[in-house]
Amino acid sequence: MELTKRKLIGISMLTEPTFSMMMIGIMMLALMTMMMGPGSAEAQDAKAGEAVFRQCAACHTLEAGKAKIGPSLHGLFGRKAGTVEGFSYSEAMKGSGIVWDEPSLADYLKAPKKVVPGTKMTFPGLKDETKLDNLIAYLKQATQ
Ligand code: HEC
C-alpha cells in the first residue's frame, strides 16, 4: 500500500516536469519554425538568383583565377573593384573606388555604364528589383 502510494506520487512528480518540458519543447519548436522562416526564404532567393546568374555566366565564372570575358567573381564581397590579379580591367573600373558589397553591387548591376562610365562590361543592366535581390543573395553564397 505504502509502496504504491509513493510510486504514484513519484509518477505524478515525474509527469509534471515531463509535461512542462514538453510544453517548452513545443514552444522551442514553434520558435525555431519562426526563425527558420526567413532563412529558408533566403535559400529560395539564392536558388532563384542562380537562374539569374546565367545572364552573367557567359562572361564570369565563380571559380578563383578563372576569367572569361570578365574577371572571376570568386571572393567578390569586400573586394576592391578592378583588383583581380592578371585581369585587364578598364581604367574606369580600376579607378572607380568601389568596394563590392550588397548596395554597391545592386547599384552597379542596375546600370553598369552609368555607375562606372567607361566600363568595358557590356551588360545593359538588371532593372528587375526582385531578380537583382535574388542574384545578390546567390552571389553572396556562391562567390565565397
Ligand atoms: C558581356 C560580358 C559580361 C556580362 C554579360 C556581364 N559582365 Fe560583369 N564584367 C564584364 C567585364 C568585361 C568586366 C570588367 C569591366 C571593366 O574592367 O570595366 C566585368 C566586371 C564585373 C564586375 C567587377 C568585378 C571586379 O573584379 O571588380 C562585377 C561585380 C560584375 N562584372 C558582375 C556581373 C554580373 C553579376 C553580371 C550578370 C548580371 C555580369 N557581370 C554580366 C563582362 C560581363
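Donors themselves are N, O and S atoms within 2.8 Å of the metal (3.2 Å for Na, K and Ca), and water is not among the atoms, so sites may look incomplete.

**Ground rules.** I'm working with a predicted model, where local features need pLDDT of at least 70 and side-chain atom pairs count only at pLDDT 80 or more, while totals for chains, interfaces and linings use all residues. Numbering starts from 1 along each chain as its sequence is written, and side-chain values use heavy atoms, with hydrogens and water left out.

**Iron.** I looked up which protein atoms hold the ligand's iron atom, and found H60 (NE2) and M121 (SD), 2.0 to 2.1 Å from it. H60 sits in the loop between helix 2 (54-57) and helix 3 (91-94), and M121 in the loop between helix 5 (112-115) and helix 6, so the pair links distant parts of the chain, 61 residues apart. Around the iron, the six donor atoms subtend angles of 86 to 179°, so the arrangement is octahedral. For reference, I jotted down that ideal angles for six octahedral donors are 90 or 180 degrees. H60 counts as buried (under 20% relative accessible area; exposed is over 50%, partly exposed in between, with a 1.4 Å probe and protein chains only), because its relative accessibility is 11%.

**Overall fold.** I counted six helices and zero strands; these are DSSP runs (H or I, at least four residues for helices; E, at least two for strands), numbered from the N terminus. Buried residues make up 30% of the 144 residues.

Leaving out residues up to four places away in sequence, W100 touches, among others, L76, F77, M93 and Y108; contact here means heavy atoms within 4.5 Å.

**T143.** I ended in the segment after helix 6 (129-142), where T143 lies. T143 is buried, at a relative accessible area of 2%. Its side chain reaches the backbone oxygen of L139 at 2.6 Å. Beyond its neighbours within four places in sequence, T143 is in contact with L62, L73, H74, G75, L76 and F77.

How values were computed. Polar contact = N/O pair within 3.5 Å; in protein donor to acceptor, adjacent residues only side chain to side chain. Tetrahedral: all angles 85-135°; square planar, octahedral: opposite > 155°, others 65-115°.
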